[in-house]
Structures are given as structure tokens and as C-alpha cells.
Amino acid sequence: MEIKFVTTTCPYCGSGCSFNLVVKDGKIIDTQPCQRGPVNEGKLCPKGVFGFEFINSPDRLTTPLVRKNGELVPASWDEALAVIAENFAKYQPDEFAVISSARCCNEDNYAMQKFARIVLKTANIDHCARLCHAPTVAGLAKVFGSGASTNSFDDLAIADLVFIIGSNNFEAHPLAARRIMQAKEKGAHIIVCDPRRTPTAKQAELHIQHRPGTDIQLLNCLMKNIIENDWIDHEFVENRTLGYDDLKACVAQDKYSIENTAKICGIPEESIKQALQWLHECQHKTAFVHCLGITQHTVGVDNVRSIAFIQTLLGNIGKPGCGVNALRGQNNVQGSCDMGALPNVYAGYFSVMNPDLAKKVADYWGVESVPQGQIGLHIPEMLDTLYEHPDKVKCMYLMGENPVISDPNSKMVEQAMENCEFLVVQDIFETETSRYADVVLPGSCYAEEDGTQTNAERRVQRFRKAQDAPGESKLDWQIMKMIAEKMGYGQYFQWETSEDVFNEMRGITPQYAGITYAKLEGDGIQWPCPTEDHPGTAILHINEFAGMPEGKAALEAVEHREPAEVVDEEYPIWLTTGATIWHWPSGSMTRRCEQLDKDAPTAWLEINVKDAEKYGVKDGEVVVLYSRRGEVEVAARVIPDIKEGVFFMPFHFTEARANLVTNTAYDPVSKTPEFKVCAVNIRKKEA
Ligand code: SF4
């Protein structure tokens, strides 16, 4: 019997915890703490402890599947590759849609965007950051010139005030939340703005339970009062920002008064005044933390910009214990964006609209040109086009994603998948989406590959191979290399190891230029790391906002706007959706982990006790939740902790899909759907 311990990083949330996989006779049997972990110092949340159990699940894909006579049947790699190569050759670049995955490592995402751009010659490449933090990337880039979190988790622990808005980090990012609790133990104030009294809100000194979709109203009110009380950092605003007068004129309007804001947000005036007092007292030691409660709105980009504005007015950027700290959803959302698995940028955030940068990328890859001058389709646009105009997008190549569960309006997504003429799904399990595939390819999971991922504080860390992938499964980048070879593009994919892919990537990605696998043997490296002797960067924008006009942050007027769908007589309740501590997005991994599935075996609908009384609904009773898109049966959980007039439903469960009712409306800039607000109603289930 041989037992070994392999240190790796967690495949779930963007905290990026390290742990040891315990391997017995070549199979993973457990996890053990890794005390050296720079993020988690040996601690793990339930997903970190029990979330390995899916790896050796008996229903892992072990061979390719090819559709024959309407059925997906096992096939050889040769056969599957031949079918793919023959069909991919039929389509024009604009007829492809390629979806990469933030669950996968940097190497796989780099390979996927290169495959899309060189082999399929399409601009239509995107990944699931679209569903979560694309507004953070777009919003922070607009204000600061970089779409990444400005500070490190260590800064949360030394803040005097942690202002959390739209983040239930106790459940979604528990080990990042531990840093916030360290600040609290030292006497820091914690404010949580959330329509639900979440486990995170219960830890706060001040819980502002505002109505979903009123974040800008609240933030503008705070800025109005900060300016009127003359609490801004004049030196910072004068020397390091442009556009202050526009922002000032906007928030000065009467509609952003404390009285009106309390009315619109549905909160006591006193809570706004208390928040203001602490923002003033703790200036230069205030960290803002946000997550999907801010981003998954039709105003998601402007929500993020408003957070950036308030921190800029207070001079809380480029300093320890401060900053705008976005808790990235999935493990590698940051890295997948950095790798250029996006329709508007290549790796390193080189714009596809800049011909010089397009030429630089093409030259580096040794090809005549790469798609440029056109921003490709974003995921919601891919699905809309497949649904409404299947003659325009005909072929989809999808890695590690399950849009039928993850995207809003599931019925529409199912029809879009049905309409897709040729669909290739690359995953580790058959999924609700792979049911529609023409070819299914067996990929690998984090424990079966060497690679890297980048957490929410820009820390690049290693995945390390602990066991072989099952059956004939292959590494995801190897699969793309095989398809490329079959299609006559093998010369551009001459990698033998994951490290080869990484080294090619860092040659064209300035933020990663100085990072090597050897350097990652320690605590990981936070980008930017421009040269091999550079230690990495814990805090951004210390002296200037590089890449912005005059090196200055861009302030601007941003008005409060209501969500795309508002409550009315027919649909009088706001629905908000989110994650739980036990499961991860579509549940394909965590629901195959016995302990996690036992702790949270199915979905529920949180209803305030007063609403339950109005509807005559008892705790545990199954109700029908419905919206303009569809309906779903779900058990009611009657609690006092959610705001009256608001329901909450977790989104992980295929048998009770929250996304049957959510709205497809999306932010006009980031194209991120408004998962966090739609109008719904309930009725009793017929006996
Ligand atoms: Fe994994 Fe996140 Fe839990 Fe850490 S906090 S163990 S990264 S799920």
C-alpha cells in the first residue's frame, strides 16, 4: 500500500485555498490540511474538506461519446475526432460559439481561446465570468484601468471597517471571510448590505437590508453625504482623478438624500447615518468587498463603478487595509479572464479592437492574422442567437460548462441547445447540456492535471496531478491539441506538458511574464509580475492608474436605475438567487459528494414569515414559484431572516431549477444576466 500527499489548490471558489490530496494506491481517498497555504493557513470549508468525492465517482466519463441513431454511444478517440473535424470544417467563423470554463486551469483556457481564434478563426469565445464577475472586470477597468481586485485578503484582516455589499462570503467564500473575522476580532466595524440576513450579515455590527436592485441609490447617497460633510480625500481626488465635478453634480441631487434613499431602499435612515459615520472615522483603513449580489444586475457594471468611486473619493485605493475587493465566483474566474477567454480581449487584456495588438498576437502565434476589429458574441448573445436565429450560429464547442442549469430562463436555453446544428461538449460528467450534444469528450479534473489557477487576489497557484484521469479521459488542452492536429493546425499546438502551455502564455501576457512553475513552488505569486526577479504585486495602483488617461481614475455621473423587471400586481415579489456553502454552481461536482449532498439534498425557497402568513404557506410546504418565463415546484423555508417582499432560492439543483424563472435581461456593457432580481409569485401546489 502506497500513500502519498499531493499539495494542490481548491477547485471551487475564488478564495484559492491550498490542501493536500491523500492518495492511496493511485486513488484519491481524502484531503488533509496544508498549513503552509497562504490563503487558508490549513483551514478549509465543507467544500474543501468533502468536495473531492466526485473525482472517483462511477459516472465519470471515460470514453468519447458520439451520437448515432439519436443516441450518444461510446466511440474511439479516432472516431470522435474525425466526426468533429469533418463538422467543424463546414462552418464559417461567425457560425461558431465557443464557451470556455473558469473551472478549468489557466493552461486549458489559454489553449481554448487560441483554438477558437486560430483553428475556428472565430471571435465568438467567452466563458462563465460572463455570468458572475464580468461587471467587475468591465467596471474596474473603466475606473482604474485594470479589472482586477486592487488589494489582497491580508488587507481585509487589517482593515478598521469592512464594508460588504452583495456578498454572502461566509457561505460563498468562507476562507476569505475568515480574514474579515480576523479584522472583527481586532475591533473592526463590519457592515453588510444584503436583502437577506445571511450568515455573513449575522456577523456584522450593521446590517443594511436594502431592497434588491437599489445599490446605486445607496452608494450615491453615501457619496452625496461624504462630499457635503467635506470628508473626501482632497489631495487624492485632485491629483489622481478626472471627472469629479460630474460625479459631484450627480450625487448632489435631492433624490439621493438620506430620507429618499431610506424610502427607496426600504431601510432605516439611522443605518445610513451609522455607515457614514464609520466611513468617515475609518477613512484610509476601509476595505470594500463585493460579489455577485452587486454584479448580477442589468446595472452590474455601474454598481461596481459606484463602489470604485466611493473608495476613490475617500482616497482608499493603493493603500493597505483598503481597496475594492471582488470575491471572484469560481476558482479560476480571474485566470480565465487573464488568459483572454473573452470576446473583447486576447490574453493579457490586449484589446481585439487594437490592430497593433492583434498583429502582435498573430506574430507571436506565427499566423497571418487573428480575428480582430470585432467584439465576438458574449454567452447570452450566443444563446439568444441560437434560440432566435439558428441560421446564424450553428455550431458550439463548450468546455466544462452546463448552461441548461447555469444560465437564466432554462427553457429558452434548452431550446437553444436543441437548435444547435453541431454541439461538442467537453466535460468530466454527462450533464443536462451534454444531452443535446453530437459529440461528448471526456476531460480531466483539477486533481488529474498539472496546471495553474489565479484566485480573487490575483494569486497564481498550482494544481498538481495526484492521480490519473479515468479510462481514456485526457487533459483539456491535450484534447484541443488533438482536434487541431486532425484539422491540420498541429504546428500551432506543439506542447508536451502543461508547463509548455504556461510558458507560451507568459510570453504574450505581460502580467504573468515573470511567473514560472518553479517560482510557484512557494506561496504563489500575485500578478502583475513583469520579470522573473519580480516578487509579484500585493496592492495595485499605489502611485498611478496605469493605462488610464493621465494615469488618473475616471469618475463619472452614474444614476440609479430600476431592475429590468419590477414587481407588479401579478408578480408582486422580488426573487433573488444565489449559492450555498455546500454546493457549487450547477452541482455537477458537489452533488456527487456524499457528505455535501446529505447536508443540502435539494432546493428551498426562503419566504419571510409575514409573506408566508399572507399566502397561507407553511414551513416545508411545496409551492409553485412562477414568473413570466416559467415555473418550478420548491419547498418553502419560512424564516424571519429575509426581507419582506423578497424570496431567495439557491441555484444548484436540477430537480428544482431556480433558472426556470430568472430573467434573461442583461447589463448592456458586460452582458451579465440579472440573476439577482426578477418579479415572481407563488401559488399553492394542486393536490
Ligand atoms: Fe475551497 Fe473556497 Fe472553501 Fe477555500 S473557501 S476550501 S477555496 S470552496
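This is a predicted model: local features need pLDDT of at least 70, side-chain atom pairs count only at pLDDT 80 or more; totals for chains, interfaces and linings use all residues.

Visitor: How many bridges join strand β2 to β3, and do the strands run parallel or antiparallel?
Guide: Six bridges join them, and the two strands run antiparallel. β2 covers residues 18–24.

Visitor: Noted. Which residue in β3 is the bridge partner of Val-22?
Guide: Asp-30 is its partner there.

Visitor: What sheet do those strands belong to, and in what order?
Guide: An open sheet of three strands, ordered β1-β2-β3, with antiparallel pairing. β1 (3–9) and β3 (27–33) are the edge strands, each pairing on one side only. On average, neighbouring strands in this sheet are turned by 30° against each other, direction ignored.

Visitor: Now the five-strand sheet. What is its order, and is the pairing parallel or antiparallel?
Guide: The order is β10-β9-β8-β12-β13, in an open sheet with parallel pairing. Its edges are β10 (206–208) and β13 (324–326), and each of these pairs on one side only. The twist averages 20° from one strand to the next.

Visitor: How many bridges join β9 to β10?
Guide: Three, with β9 spanning residues 189–193 and the two strands running parallel. Ile-191 stands opposite Leu-206 of β10.

Visitor: Which strands does helix α9 touch?
Guide: α9 (residues 215–228) packs on the sheet and touches β8 (161–165), β9, β10 and β12 (286–290). The direction of α9 makes about 150° with that of β8.

Visitor: And α13, which strands does that lie across?
Guide: α13 lies across β8, β9, β10 and β12. Against β10, α13 runs at about 125°.

Visitor: Staying with α13, at what angle do the axes of α12 and α13 cross?
Guide: Roughly 120°, and the axes come within 9 Å. That makes α12 oblique to α13. The crossing is right-handed. Here α12 is residues 258–265 and α13 is residues 269–281.

Visitor: Which residues make that contact?
Guide: From α12, they are Ile-258, Glu-259, Thr-261 and Ala-262. From α13, they are Glu-269, Ile-272, Lys-273 and Leu-276. By type, the contact of α12 with α13 has four nonpolar, one polar and three charged residues.

Visitor: Another helix pair, α18 and α20. At what angle do their axes cross?
Guide: Roughly 70°, with the axes coming within 8 Å. So α18 and α20 are roughly perpendicular to each other. α18 passes α20 in a left-handed crossing.

Visitor: Switching to the ligand. Which residues are around it?
Guide: Cys-10, Tyr-12, Cys-13, Ser-15, Gly-16, Cys-17, Leu-44, Cys-45, Lys-47, Gly-48, Pro-174 and Leu-175.

Visitor: How do those divide into nonpolar, polar and charged?
Guide: The shell around the ligand has eight nonpolar residues, three polar and one charged.

Visitor: Which helices each supply at least two residues of that shell?
Guide: α1 (46–50) and α7 (174–185).

Visitor: Back to strands. How many residues lie between β4 and β5 in their hairpin?
Guide: Two. β4 (residues 65–68) and β5 (residues 71–74) pair in the antiparallel sense over four bridges. Leu-65 stands opposite Pro-74 in β5.

Visitor: Which residue in the turn has a positive phi?
Guide: Asn-69, at about 50°.

Key. Residues are numbered from 1 along each chain as its sequence is written. Side-chain values use heavy atoms; hydrogens and water are left out. A residue is near a molecule or strand if one of its heavy atoms lies within 4 Å of it. Ala, Val, Leu, Ile, Met, Phe, Trp, Tyr, Cys and Pro count as nonpolar, Asp, Glu, Lys and Arg as charged, and the others, Gly among them, as polar. Axes are lines fitted to C-alpha atoms, for helices over the stretch in contact, and angles run from 0 to 180 degrees between N-to-C directions. Angles under 35 degrees count as roughly parallel, over 145 as roughly antiparallel, 65 to 115 as roughly perpendicular and the rest as oblique. A crossing is left-handed if the near helix is turned anticlockwise from the far one by less than a right angle, and right-handed if clockwise. Contact means heavy atoms within 4.5 Å. Two strands pair if DSSP finds at least two bridges between them.
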